[in-house]
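The text then takes them in turn.

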Amino acid sequence: MKTGMWTRRRMLKAIAAAAGSAAAPTTLRAAAAAGPDLELRLTAAPGEARIRDGALTRVLRYTGEVLRGRADALRISDSYLGPALDLRRGERVRIVFRNRIGEPSIVHWHGMLVPEEADGHPRFAVDSGGEYLYEFTVRNPAGTYLYHPHPHGRTASQVYRGLAGLLIVREPDEAKRALPGWEHELAIVIQDRRSGNSFSYSGGMMTQMSGLLGDVVLANGRADAVFRVTPRAWRLRLANVSNARVYKLAWSDGRPLRVIGTDSGLLPGKPLERPYLVLAPFERVEILEDFGTRAPGAEIALESLEFSSLSMGSMMGNMMGGGGMMGGGGMGGMMRGMMGPEQGEPLTVARFVISRDARVKPSEVVLPASPHAPEKPAAELYSRVSFRRMRGFFNGRDFDMDAVADDERLPLGQPTVWTFENDGGGMPMPHPIHIHGVRFRILERRGDGAPQDLREGLIDAGFKDTFLIFPGERVKVHVVPTEPGMFMYHCHNLEHEDGGMMRNCLFRA
Ligand code: C2O
Ligand code: CU
Ligand code: CU
């Protein structure tokens, strides 16, 4: 594997940057000269966590310390999850990452617009015992972002064993939007795990193909999670941090969900109502829920509803030309027996118990004005997404640590329309596609790929950094890169990513 080759050189570079030597890129030197507002230390190391009754679970976890600046910039989690980074737009942040997990790693700030050197590209991975220094200014709008490891070929197992955390960006103008304040918000990290008290990761053929699927859902690191809420409006930030599972989120009492934000900030205009929401790996959605509309003392559950369109049986049925006919039925059942958990199984994510306090009437939220229409593109790119012989490709290519092809170059500061087409050949599978270092808009989703039983739950509005593309679909995104350098795009099914369904892309003037 190439990571090893890169490690020493990059570590030296990181050390050089830390020492503020002339080798450090301009952006780093400039930030260092001004001094950061916030300096954090994030350490990844083995640990133990209580997931449910019985034996403790051996995990990997991030722990954090504030070395300089606001003490509330880190919200310690009471599970194996890393502390939630609570950042403010405009803040200059320095983060020292210490790797103590016994294998190479690097941290990526998912969804964040950061300089190339701070992006956590796998070429920056450091060996255990090493450190990496990040410096960036928070440029993203208020929203729900994530951080997680990104060493090539090891991301899936490191995330599965516990390495991930939330990164929340706040802005002062949120107060004017009549959104519930931080005391009335809940950020919920949704992950699936195999039942039992072990987080040990094992690959295998089925896992490489469908991605690792668990049969229980942990919400903020807990099985059977219960949140106590007051009868008023709450802001719920939902993040899918599962290796491969797609959720179809709905309230157990059938009420619609009111969406106010997507991957990359608040939605413009008005909240969107949906009967259920489809959340693919590493997508986020923010919803506003008025718990005051339920009976005092009531309990409701956030569930993932059953769907059959993405089960292995149905995929194989499609592959063999049998349409979706084999989906929910006998073949699906047989597959589960043979291969374990499937996409689309009904699961409970968390329960909410509403207190008997006096109801607080909600106020009308004020979402940002609609941004201007996407400008005419200066460039157009096309990527054919395919999955064959257990591996995924973009335009027939898989990951190469250094290579950037001509059709992977985007003009800096100018709009590109990037079309992704899931050819549905080989193994027809859905892929959550993610682009680093940018936020983009979805212009169009074409083809009749989106299955009937998921279609209504797709949120293509607002700004995104990850989107699900179904077999047979063509999706056009509008992107304006703002950070120069080499970033990457990949399938965010972590097993597909580790299998090489990932490529570099270059943003250059
Ligand atoms: Cu969240 Cu390249 O990843
Ligand atoms: Cu990312
Ligand atoms: Cu994929």
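Predicted model: local features only at pLDDT ≥ 70, side-chain atom pairs only at ≥ 80, totals over all residues.

Residues are numbered from 1 along each chain as its sequence is written, chains are lettered from A and ligands numbered from 1 in the order in which they are written, and side-chain values use heavy atoms, with hydrogens and water left out.

Donors are N, O and S atoms within 2.8 Å of the metal (3.2 Å for Na, K and Ca); water is not among the atoms, so sites may look incomplete. His-108 belongs to strand β6 (residues 107-110) and His-434 to strand β27 (residues 431-435), 326 residues apart. Strands (E, at least two residues) are DSSP runs, numbered from the N terminus. His-108 counts as buried because its relative accessibility is 1%, and His-434 because its value is 0%. Buried means under 20% relative accessible area (1.4 Å probe, protein chains only).

The copper ion (ligand 3) has His-431 (ND1), Cys-491 (SG) and His-496 (ND1) as protein donors, 2.0 to 2.1 Å from it. Their spacing in sequence is H-x59-C-x4-H. Both Cys-491 and His-496 are buried.

Turn now to the largest pocket, lined by 24 residues. A pocket is an open set of points on a 1 Å grid over the protein atoms alone, where a 1.4 Å probe fits, with protein on both sides within 12 Å along at least five of seven lines; lining residues have an atom within 4 Å of a point. Arg-75, Ala-84, Leu-166, Ala-187 and Asn-220 lie nearest the centre of the largest pocket. Strands β4 (84-88), β9 (165-170) and β10 (185-193) each supply at least two residues of its lining.

Methods:
Helix = DSSP H or I, 4+ residues; strand = E, 2+ residues; numbered from the N terminus. Buried < 20%, exposed > 50% of the residue type's maximum accessible area, 1.4 Å probe, protein only.
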